[in-house]
Amino acid sequence: MESWVADIEFERTSLPGRLIKAILVDPLANYLPASLLRGLLRFGKSELAEANWNDPGGWRSMVISYDGRPKQLADKMLVGLGSVPKALRNRRKLASRLLARLIDSAGHEPAHVLCLGAGPGRIIIDAMSQAKRKARATLVDISSEAFDHGRRLAVENGVIEQVNYLQGDARDIDKLLEHRPDIVKMIGICEYLSDEEIVEIVGAVAGVMAPGGSIVFNSLSKAHGSDRFFRRVFGLHMNHRLPDQLKELLSSAGFGEFVAFPEPMGVYQVIVGRRQP
Ligand SMILES: C[S@@+](CC[C@H](N)C(=O)[O-])C[C@H]1O[C@@H](n2cnc3c(N)ncnc32)[C@H](O)[C@@H]1O
């Protein structure tokens with residue numbers, strides 16, 4: 001599987017950039033008064049900050065980070081230079097490539113991919129566009145706000161016939177398992193769930209999947225150095241978990257044979273697991 005991702009061109013930060021961040025940017029962002037930082041972002045008309053204030057960690061902030069070409073100067077700095085936006089774009093590349101290859105190696109065509117916390121579905125749409133074989137995807141999100149944007153992306157990428165958007169809470173997983181998935185995608189969602197919720201969701205998924213079916217999820221490290229800033233200024237509270245912690249949770253729910261793929265910013269690992277016999 002390592003060869004699947006060997007040619008991906010990732011974003012990185014230079015050594016001087018990392019030093020400036022550690023010595024200057026992180027201490028200021030983490031410890032200046034939150035009201036001052038919020039005021040500066042409001043003054044700079046930051047769309048990324050606005051998106052997080054309206055819906056912390058929601059789909060709009062992901063679209064702004066993925067796109068990487070914001071209009072406002074404040075966002076150009078946050079999105080262009082920030083560790084997390086760079087790591088998010090790396091995660092998108094990794095996850096979409098892995099999903100494309102899993103679709104190509106699934107036992108039958110079209111493979112069914114269940115995407116939990118899908119937002120507009122940028123990653124699975126990328127994956128279906130890259131895959132050689134056909135897939136169909138059920139995209140579940142607690143909010144339906146991203147679905148129109150997602151359908152436009154699906155039309156642009158020629159996969160509109162293959163996607164089905166469904167408003168639902170991943171925690172009500174039993175209602176979402178009408179069609180048996182071959183692949184389950186949980187990218188960008190575990191950080192918003194408790195351990196118990198993850199085990200319950202993954203256990204329900206394992207109950208309907210065939211042995212060998214795949215699950216794709218991600219860890220989140222505090223290495224980005226901005227957690228205090230995210231909590232105080234954006235109101236974004238994420239659960240950081242190392243790959244081993246997530247593997248343990250998923251093992252208890254019936255998955256194993258994990259392979260982890262780190263991205264070079266050191267923030268995320270995208271992990272593939274298999275339903276155990
Ligand atoms: C950070 S975004 C990730 C979007 C997409 N998976 C990606 O990686 O680009 C998290 C998404 O999960 C959704 N979400 C959060 N909690 C959820 C839940 N319990 N059930 C379903 N969706 C949820 C949010 O509405 C949001 O669209």
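Mentor: Proline 56 lies in the loop between α3 (47–54) and α4. Helices are DSSP runs of H or I with at least four residues, strands are runs of E with at least two, and both are numbered from the N terminus. This is a predicted model: local features need pLDDT of at least 70, side-chain atom pairs count only at pLDDT 80 or more, and totals for chains, interfaces and linings use all residues. Residues are numbered from 1 along each chain as its sequence is written.

Trainee: Is proline 56 buried or partly exposed?

Mentor: A residue is buried with 20 or more other C-beta atoms within 10 Å of its own, exposed with 12 or fewer, and partly exposed in between; C-beta atoms are placed from the backbone. Proline 56 has 16 C-beta neighbours inside 10 Å, so it counts as partly exposed. Its C-alpha atom is separated by 6.2 Å from that of glycine 235, 179 residues apart along the chain.

Trainee: How many residues of α6 are buried?

Mentor: In α6 (residues 83–104), 19 of the 22 residues are buried.

Trainee: Where does the ligand lie relative to domain 1 and domain 2?

Mentor: Domain bounds come from an automatic or database domain assignment. Domain 1 (12–82) and domain 2 (86–275) both give residues to the shell around the ligand, so it lies between them.

Trainee: Which residues are closest to the ligand?

Mentor: A residue is near a molecule if its C-beta atom, placed from the backbone, lies within 6 Å of it. Here 21 residues surround the ligand, and the closest are Gly117, Gly119, Ile142, Ala170 and Gly188. The elements giving two or more residues to this shell are α4 (59–67), α7 (122–130) and β2 (135–141).

Note on methods: The expected span of a helix is 1.5 Å times one less than its number of residues.
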